[in-house]
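Here is a short briefing on one model. It takes a helix pair, then a metal site.

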Amino acid sequence: MAAIEIHQFSILNDNYAVLIHDPATGATASIDAAESYPIERELEAKGWKLTDILVTHHHADHTEGIAELKDSTGCRVVGPRREAAKIPRIDLEVGEGESFKVGSIDVHVIETPGHTLGHVAYIVPAANAAFVGDTLFSLGCGRMFEGTPQGFHDALRKLAALPGETQVYCGHEYTVSNGRFALTVDPDNAALQRRMQEAEALRAKGFPTLPTTITAELATNPFLRAHVPAIQQRLGMEGAPAWQVFGELRDRKNRS
Ligand code: ZN
Ligand code: FE
């Protein structure tokens, strides 16, 4: 059977759009829909027909293209039940532990509250891929607009528990700016130093730093490393619960 195809491209300023294509059935899903035109253009270039939009959360830079795409393609809109009132035209509301199909592809849902309270991530085991929206970024995480430090930390631990080789697709290209902050709280981390050099080199050529992997983020992303003694010491929080350390990291990042 032909492999699932995943096509990532830039949209708006620093967002990523992702298309997931099932060659077995021709089904194609868009992760979020910031605006319709660039997604329609990429679909046409690939010769794919949009069948589904999988919405991670209600923010405009992930939803403003939904209505036009639904009107032009008749696609199904899948989105978080807890944010259904804030997202236009949802056909299928989903929540923690639920599954659905895009064509023949199984998609699992994890609730990841923190950036927004109803935020969900979509897991595609057959492609070894996770689509995490604005919950987890490479070397960083989303701003905590609606959640609590404990809840956001729990959400990130769920993503951290995915298989290490999982390809992680994020909503934004923030790796270099995240890395600058990460180096202030984890300066002696050689893996982080290498990842930052790699990310700067990729961006200098205009290439994406994503997808990343769970293994890479566990080694480099301070928001997944709130339990690590070197980071706790740096913050003067030795022995504190990891979620409190996470909260302090999030506060410092906001002020950085
Ligand atoms: Zn957002
Ligand atoms: Fe966003």
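Helix 4 (residues 149–160) and helix 9 (residues 242–255) pack at an angle of about 105°, their axes 9 Å apart. The two helices are therefore roughly perpendicular (65 to 115 degrees) to each other. This is a predicted model: local features need pLDDT of at least 70, side-chain atom pairs count only at pLDDT 80 or more, and totals for chains, interfaces and linings use all residues. Residues are numbered from 1 along each chain as its sequence is written, ligands are numbered from 1 in the order in which they are written, and side-chain values use heavy atoms, without hydrogens and water.

**Helix contact**
- Pro149, Gln150, Phe152, His153 and Leu156 of helix 4 meet Ala242, Trp243, Phe246 and Gly247 of helix 9 (contact: heavy atoms within 4.5 Å).
- By class, this contact has six nonpolar, three polar and no charged residues; Gly counts as polar.

**Zinc site**
- His57 (NE2), His59 (ND1), His115 (NE2) and Asp134 (OD) coordinate the zinc ion (ligand 1) at 2.2 to 2.4 Å. Donors are N, O and S atoms within 2.8 Å of the metal (3.2 Å for Na, K and Ca); water is not among the atoms, so sites may look incomplete.
- Along the chain, the zinc donors follow the spacing H-x1-H-x55-H-x18-D.
- Aspartate 134 bridges the zinc ion (ligand 1) and the iron ion (ligand 2), which lie 3.1 Å apart.

- Histidine 57 has 0% relative accessibility and counts as buried (under 20% relative accessible area, 1.4 Å probe, protein chains only).
- Histidine 59 is buried too, with a relative accessible area of 18%.

Note on methods: Axes are lines fitted to C-alpha atoms, for helices over the stretch in contact, and angles run from 0 to 180 degrees between N-to-C directions. Helices (H or I, at least four residues) and strands (E, at least two) are DSSP runs, numbered from the N terminus. Angles under 35 degrees count as roughly parallel, over 145 as roughly antiparallel, 65 to 115 as roughly perpendicular and the rest as oblique. Buried means under 20% relative accessible area, exposed over 50%, partly exposed in between (1.4 Å probe, protein chains only).
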